[in-house]
Amino acid sequence: MAASEEEAAQQQIDEIEALSSIYGDDWCVVDEDEKIYCIKINDCLDQPKWTVCLQVILPPGYPTAEPPIYQLNAPWLRGQDYMELANSLEEIYVQNLGESILYLWVEKIREVLIEKAQSSDPEPDIKKTSEEVDEDDGDDFLLDYQPVLEDPIKMLNYVTPESHEVDEELPPIHHGNPVTDRRSTFQAHLAPVVTPRQVKRVLEKLYENKKIASATHNIYAYRIYCEDKQTFLQDCEDDGETAAGGRLLHLMQILNVHNVLVVVSRWYGGILLGPDRFKHINNCARNILVEYNYVHSADLCKDSEELPKELVTWFVNVRCAIEGWQQ
């Protein structure tokens with residue numbers, strides 16, 4: 001390693017240690033090996049209205065020769081607001097070439113949020129949007145029912161009111177192996193569930209983990225078989241990754257799994273993946289379902305002749321995405 005690279009590496013270590021000490025639980029290590037970090041920044045109110053998640057990737061040459069790669073994540077942050085904040089951060093970098101600047105970035109973002117909180121700006125729209133937009137993702141078959149839900153926990157309140165009987169036991173939660181592609185990381189989480197209240201409890205428990213809570217998207221789907229009615233209670237959530245929840249639920253339907261919740265977290269790395277992101281979401285989901293014996297590899301081929309034509313087509317596409325592209 002060259003002297004300049006050694007110097008940069010030591011400066012990164014010193015800066016990360018300082019930021020972790022200053023910001024405590026708001027600072028999150030997403031991937032130590034890839035030097036990906038995330039910090040949650042708010043407007044300092046007792047009940048913050050304006051929040052931004054700053055995700056940074058530190059290249060080997062930072063801070064002496066390269067700028068950090070960054071992504072600003074907030075449901076309300078788009079268009080002119082995004083451009084103005086991004087320009088402010090880049091101006092700080094130019095004014096402090098060769099120096100550690102993450103603290104300056106964080107405090108600049110906080111300054112902007114405090115100004116918005118003190119102004120007459122309306123409260124932010126909390127609905128997430130995807131950072132990726134596809135003109136054509138190549139999939140003509142989408143699930144008919146894809147609800148747009150602003151809060152993945154509150155959406156379950158209509159099924160599980162507070163006056164319901166005593167809380168049920170929290171099911172065990174399992175975590176799959178993370179997959180990284182072009183700096184985006186995907187990881188699946190699975191829990192056995194038999195009631196919507198259990199789904200809500202699992203989601204609440206997952207979001208207590210600051211790394212999972214900081215994910216750009218937490219896509220999920222669940223299927224519960226109601227024996228008394230001989231029907232399925234099922235739902236899904238995109239969390240801003242358009243159509244991803246519907247695709248995940250559809251995969252679970254085709255694999256005929258039930259009494260299970262699958263959540264796939266994605267940490268966006270700043271490089272657009274296009275349709276490949278759906279491949280990774282389904283791949284992570286399928287792998288964790290196989291790992292915990294909800295489905296076997298042989299089941300992917302069984303009874304496919306009985307499916308409607310459009311489902312067979314979609315099934316083949318999914319199978320190619322999950323298995324063939326790995327070979």
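Student: Which residues does Ile109 touch, not counting residues up to four places away in sequence?
Tutor: Ile109 touches Ile41, Val52, Leu54, Leu72, Leu85 and Leu89, where contact means heavy atoms within 4.5 Å. This is a predicted model, in which local features need pLDDT of at least 70 and side-chain atom pairs count only at pLDDT 80 or more, while totals for chains, interfaces and linings use all residues. Residues are numbered from 1 along each chain as its sequence is written, and side-chain values use heavy atoms, without hydrogens and water.

Student: How many residues are in the largest nonpolar core, and which have the most contacts inside it?
Tutor: That core has 30 residues, and those with the most contacts inside it are Val52, Leu54, Val56, Tyr70, Leu72, Trp105 and Ile109. A nonpolar core is a set of buried Ala, Val, Leu, Ile, Met, Phe, Trp, Tyr and Cys residues joined through side-chain atoms within 4.5 Å. Buried means under 20% relative accessible area, exposed over 50%, and partly exposed in between (1.4 Å probe, protein chains only).

Student: Which elements give two or more residues to this core?
Tutor: They are helix 1 (3-23), strand 2 (36-42), strand 3 (51-57), strand 4 (69-73), helix 2 (79-95) and helix 3 (102-118). Helix 3 supplies the largest share, 6 residues. Helices (H or I, at least four residues) and strands (E, at least two) are DSSP runs, numbered from the N terminus.

Student: Which residues does the second, separate core include?
Tutor: Leu248, Leu251, Leu255 and Val257 are among the 24 residues of that core.

Student: Back to the strands: what is the order of the open sheet?
Tutor: The open sheet of 4 strands runs 1-2-3-4 with antiparallel pairing. Strand 1 and strand 4 are the edge strands, each pairing on one side only. From one strand to the next the twist averages 20°. Helix 3 packs on the sheet, touching strand 2, strand 3 and strand 4, and its direction makes about 160° with that of strand 3. Such angles run from 0 to 180 degrees between N-to-C directions, with axes fitted to C-alpha atoms, for helices over the stretch in contact.

Student: How many bridges does strand 2 make with strand 1?
Tutor: Strand 1 (residues 27-31) and strand 2 pair over 4 bridges; two strands pair if DSSP finds at least two bridges between them. Trp27 stands opposite Ile39, and Asp31 has Ile36 as its bridge partner. The hairpin of these strands has 4 residues between them, and there Lys35 takes a positive phi near 60°. Strand 2 also pairs with strand 3, over 7 bridges, with Tyr37 partnered by Val56.

Student: How many residues of strand 2 are buried?
Tutor: 6 of its 7 residues are buried.

Student: New topic: is Ser265 buried or exposed?
Tutor: Ser265 lies in strand 10 (residues 260-267) and counts as buried because its relative accessible area is 0%.

Student: What does the side chain of Ser265 make a polar contact with?
Tutor: One partner is the side chain of Asn218, at 2.5 Å, and the side chain of His189 is joined to Ser265 at 2.9 Å. A polar contact is a pair of N or O atoms within 3.5 Å; within protein, one must be able to donate a hydrogen and the other to accept it, and residues adjacent in sequence count only if both atoms are side-chain atoms.

Student: Where is Asp235 found?
Tutor: Asp235 is in strand 9 (residues 231-237), and it is counted as buried because its relative accessibility is 3%.
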